[in-house]
Amino acid sequence: MKKGIHKAINWNAPGHKFYDDIYLKQVEQFWLPEEINVSDDKSIWEELDPNIKVAYERILAGLTLLDTEQTVGITKVGDKTDNLFIKSILTLFAGFETIHARSYSTIFQTLCTNERIDELFDWIEHTKELQDKVAMIINTYESIEDKESLFMSMIGSLCLEGICFYSGFFLPLWLAGQGKMVNSGEIINLILRDEKLHTVGVGFFAKELFAEFSEEKQVELKEKAIEMIKSVYEAEYTYSKMLYKDLDFLDEVATYLEFNVNYALSCAGFEPMFDVTENDVNPIVMNGYSTETKTHDFFSTKGNGYVKTSKVENLDDDDFDFDFE
């Protein structure tokens, strides 16, 4: 039996505004894939180029693996921190990762036969590029023994949330931006909105923990963090080459990936790794990347701005500019 004082989280305590803000943002964004009519995409799906269909299917399969692992992995990070607010928020994030994993299955059920779905899940298990990049991050969750390894697990989570998901989002956003697979794209946009919030949150938690170390230890940990981020980037680029090899925009995917690496780094308080800005990203994809709430008419898709309570305000990109001081 564990001995000692068991503490309760006090959301009324002073000095936790960021935790409160990010908690409220996440619960305001609650959604379910069943509320979006993916079946409307079926006719468009049948007309897509076969290479695009294969890439699309594999992208969603890979994203399903990431969300499946993150559902458990992010709670392991929370379990090892003494900060009750971080424990609570990461547990909340994990619930949304479960929704994301189910969302891809909702799309699969509409677009693919059961036989094809089984083939895709077998592909997940036998694709080395995918397995290797996931293992790289999961290993940080399995190796938490002290504050230093806890920090590295947060960097691992930052890589998963802010880098690994995003290369997969490129094709769905690109298609939806041209009026194709719009409903499936709406699900992707809702997921992306959550992942951006998770990237901001995990980055901030890592930055808070980083500040507790001595300057000498910070130099060492920063080098280790940057080394890991580079390794994840290289693994993600290798995976992207495999996914997009039969399509014509690998260079654009690479630029989008570099942009998101820089964003993840900024969330942890680190300098950018690449000389790339949002102006270099494909504008169709960049428009879909925006977390600004979309407005739809009554007969359109649900939109990532829908809410279940009249007290919730619409989101825009400024809502992700938290005051970390």
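Which helix holds the place of Leu190? Leu190 lies in helix H8, residues 182-210. The model is predicted, so local features require pLDDT of at least 70 and side-chain atom pairs count only at pLDDT 80 or more, while totals for chains, interfaces and linings use all residues. Residues are numbered from 1 along each chain as its sequence is written, and side-chain values use heavy atoms, with hydrogens and water left out.

**Overall make-up**

- The protein has 11 helices and 0 strands; helices (H or I, at least four residues) and strands (E, at least two) are DSSP runs, numbered from the N terminus.
- Read from the N terminus, the order of elements is α-α-α-α-α-α-α-α-α-α-α.
- Of the 325 residues, 53% count as buried; buried means under 20% relative accessible area, exposed over 50%, and partly exposed in between, with a 1.4 Å probe and protein chains only.
- Among contacts with a separation of 6 or more, 80% are between residues 24 or more positions apart; contact means heavy atoms within 4.5 Å.

**Helix H7 against helix H10**

- Helix H7 (residues 147-176) packs on helix H10 (residues 250-267) at an angle of about 150°, and their axes are 9 Å apart. The angle makes H7 roughly antiparallel to H10.
- Axes are lines fitted to C-alpha atoms, for helices over the stretch in contact, and angles run from 0 to 180 degrees between N-to-C directions. Angles under 35 degrees count as roughly parallel, over 145 as roughly antiparallel, 65 to 115 as roughly perpendicular and the rest as oblique.
- H7 and H10 cross in a right-handed sense; a crossing is left-handed if the near helix is turned anticlockwise from the far one by less than a right angle, and right-handed if clockwise.
- On the H7 side the contact is made by Leu158, Gly162, Ile163, Tyr166, Ser167, Phe169, Phe170 and Leu173, and on the H10 side by Glu252, Val253, Tyr256, Leu257, Asn260, Val261, Ala264 and Cys267.
- By type, the residues of this contact are 12 nonpolar, 3 polar and 1 charged; Ala, Val, Leu, Ile, Met, Phe, Trp, Tyr, Cys and Pro count as nonpolar, Asp, Glu, Lys and Arg as charged, and the others, Gly among them, as polar.

**Helix H3 against helix H8**

- Helix H3 (residues 50-79) packs on H8 at an angle of about 35°, with the axes 13 Å apart, and the crossing is left-handed.
- H3 contributes Tyr56, Leu60, Asp67 and Ile74 to the contact, while H8 contributes Ser184, Gly185, Ile188, Glu195 and Val202.
- These residues divide into 5 nonpolar, 2 polar and 2 charged.

**Buried positions in helices**

- Leu190 has 0% relative accessibility and therefore counts as buried. Its C-alpha atom is separated by 9.4 Å from that of Phe30, 160 residues apart along the chain.
- Gly62 belongs to helix H3 and counts as buried because its relative accessibility is 3%.
- Leaving out residues up to four places away in sequence, Gly62 touches Trp123, Leu130 and Tyr239. The C-alpha atoms of Gly62 and Cys164, 102 residues apart along the chain, are separated by 9.7 Å.

**Buried positions in loops**

- Gln29 sits in the loop between helix H1 (17-28) and helix H2 (42-47), and at 1% relative accessibility Gln29 counts as buried.
- The side chains of Gln29 and Asp194 are joined by a polar contact of 2.8 Å.
- Met181 is in the loop between H7 and H8 and is buried, at 1% relative accessibility.
- Most residues other than glycine have a negative phi. Met181, not a glycine, has a positive phi of about 55°.

Key: Polar contact = N/O pair within 3.5 Å; in protein donor to acceptor, adjacent residues only side chain to side chain.
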